[in-house]
Every structure is written in structure tokens, then in C-alpha cells.
Amino acid sequence: LREQDLALSEEVLAMLHHDREADQMNFLEECVPGYSKLTPISRGGQGTVYRAIQNSTKQYVALKIVETKKWESSDESRVRQAVDDFAREIKTISTLRHRNIVRIFDAGECSSGLFFAMELIEGGTLADVKHPISQYEIARIMQLMAEAVDEAHATGILHLDIKPQNILFDKQLEQPYLTDFGLARLAHSEAVSDRIVGTLAYMAPEQFHSGQSDERTDIYSLGATLFFLLTGRPVRQSSTIAEVREQSLSLETKNLKEKLSCANRTLARICQRCLEIEPDQRYQSAGELAREFERFRATEPIQDIIRGGTMTLKWSWVVFVINAMVYFMVARGFTDRSV
């Protein structure tokens, strides 16, 4: 009887949870006119992203909503910061025109807060990809991301939060898309902020030490993303800024070579250079990094031949000995028959 009670209790809780979610969806559809069938995709510090139908076009879009109206009045600074970040993201994405950067369709204010509609990329993020990705494919993805970042830099925009979770991946088209420009800022902006922005596991050392950043800061984050794709783990394990600041930066890069031992040597070298502590020692532009990946992909078949050639050389002595034995046996046989 007790098991039946527990089962019934769980069922009732599940129904209540479902009803609350349904009420929330209905509420949001009323708050954001012009959109329907909202289904949550992801939640983050800057808002929630929903899969929705744009009623005017009948197409599916990704609808990002920051529900600032739900925050307490005591969170005025938080609301102001969220509005600033949101406005910056809208402005940033709308100025970028690259095939691997998500497009924005609509934006505005609603009774719940702020929203904008952008291109819906089905398939999740690079952090969600479960099947193994070949290193050749990793190089292709990273080349496209470096080209997208280079385009952003060319328009004077730093992303400052590049990570696998901010790279959407369309499985059908096999294309990556850079998203979430909420922390982006102008590359040569003189505005100084005391906020440490970014994601710690993918953040360049200068971001949490001096607060300074430039194009090479994004290069580091691209390298940290490459490291994740090659090894399946982030380059930095520390969970707080204090922990990162206390540990020696040299320790962070000391064992990189060992951690990348299973990776192709060229890709490992590219990754290590991106993750240099000193910005001057990294690639100096995303375009330069993109060209490195392009060269790698162009020479990959040759590398395969070289690797295959190495294996052939290892076995060539065995083959040579066998051929020699067969030759001498045949030669002796012919000699014996001729006598």
C-alpha cells in the first residue's frame, strides 16, 4: 500500500509540474505577441531560449526572453545590467553577416521583459554532441568558427565568451554557428568595467588578472574550445576566480602536451599556441588561426599517407624477408630441376 501511495504521490507531483509549465507557456505566449507554441530549449544567466513559431511567417525560431519584470525592485542594478547586455547582443548580432553566426529576425520589449527572435539551429551545442568527432572534422569546425570570429573582429567586436556551449551545431547540415553575444563589446572600447565576464573554464588569463582584452583573448577561448573537442574536458578545472588567481599560470600549461598526447601533433601544436599565457605568443588574429586549420585540412591526406607509410616501413622488413625466402626457394627449385 505504501508503494502505491508513493507512486500516486509522484504522479500527482508530475501532473502539477506539467500544469505549472503549461501555465508558464500560456503566460509567455500572451506576453510576447506574434509567437506561439513556446518550448524551452535552454536556460542561462541572461535569459531563457524557447523554440517557438513566428505566427506571421509560420517558421520556427529561437526566442530569447529575459524576464526582467519578475525581478525585485531591489535588483535595479541587475535589471539595468541585463538590459544593457541584451541591447548589446541585439545590436551586435544584427551588424554581423556571416554564414556561421546566428541571424536575428525580430526584437522588442514585452510585458514580461525583453525578447528577440533568432535563427533556430536544431541539434544542440558542441558540448551536447555525443558521438565521437574525427580530428579532421574538428579542424573543419574550428576553421569555420575562427572565420566567424575573424568577421566579428573585422567589425570591431570581441565575443569574450566563446565556448562549446555557445556554438550551436546543425547535425543535418553539419554546420556550427556562433551565438550568445551578450558579453560582446567593441575591441577598442575605452569603457572600463569592474565585471569579470566570460566562462572561467574558457577564459583567457588576462581576463581574470588585468581585466584587459583584445582579439587575442578570443583566440585563447577558441584554443580552449579546441582542447575540449580533442580531449573531452575543459582546459581549466578551477571553479572560482580566487582558485585560478592563486594557482601558477605556468602549471596550467605545463602538462598541455601530455594532455594532448592522443591528438594529432599538428592540432596539438595549434591548440598549445592558442593557449599561450602571453597574448603576444598566441596567433595574432582569428584569420591567421583559420588559415592554420585550412592548411592542416589540406595536408591531412598526406599525413595519413605518412602515417600509413610509417606502418609499412615497420612491416616492410618482414615482407622483404618473406619475398627473399620465396625467391631463393624458387631459384633453388629451378636450379635443382636444371641439374
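The points below describe the chain as a whole and then go through selected sites.

This is a predicted model, in which local features need pLDDT of at least 70 and side-chain atom pairs count only at pLDDT 80 or more, while totals for chains, interfaces and linings use all residues. Residues are numbered from 1 along each chain as its sequence is written, and side-chain values use heavy atoms, with hydrogens and water left out.

**Overall fold**
- The chain has 10 helices and nine strands (DSSP runs numbered from the N terminus: H or I of at least four residues for helices, E of at least two for strands).
- Of its 339 residues, 42% count as buried (under 20% relative accessible area, with a 1.4 Å probe and protein chains only).
- Among contacts (heavy atoms within 4.5 Å) in the chain with a separation of 6 or more, 64% are between residues 24 or more positions apart.

**Cavity**
- One cavity of 30 Å³ or more turns up in a search of the whole structure (a set of points on a 1 Å grid over the protein atoms alone where a 1.4 Å probe fits but cannot get out).
- The volume of the largest cavity is about 30 Å³ (the space filled by probe spheres set on the points, which are joined across faces, edges and corners).
- Its lining (residues with an atom within 4 Å of a point) consists of Leu160, Asp161, Ile162, Gly198, Thr199, Tyr202, Met203, Gln207 and Ser221.
- By class, four lining residues are nonpolar, four polar and one charged (Ala, Val, Leu, Ile, Met, Phe, Trp, Tyr, Cys and Pro are nonpolar; Asp, Glu, Lys and Arg are charged; the others, Gly among them, are polar).

**Asn100**
- Asn100 is in the loop between helix H2 (76-95) and strand E4 (104-110).
- Asn100 counts as buried because its relative accessibility is 0%.
- Leaving aside residues up to four places away in sequence, Asn100 touches Leu144, Met145, Ala148, Gln175, Pro176, Tyr177 and Leu178.

**Aromatic rings**
- Tyr35 lies in strand E1 (residues 35-44) and Phe115 in strand E5 (residues 113-119), so the pair ties together parts 80 residues apart in sequence.
- Tyr35 is buried at 4% relative accessibility, and Phe115 is buried at 7%.

**Charges over rings**
- Arg51 has its charged end over the ring of Tyr60, 4.0 Å from the ring centre (CZ of Arg or NZ of Lys within 6 Å of the centre and within 35 degrees of the ring normal).
- The charged end of Arg273 sits over the ring of Tyr283, 4.1 Å from its centre.

Note on methods: 1 Å grid on protein atoms, 1.4 Å probe; cavity = no way out; pocket = protein on both sides within 12 Å on 5 of 7 lines; lining within 4 Å. Buried < 20%, exposed > 50% of the residue type's maximum accessible area, 1.4 Å probe, protein only.
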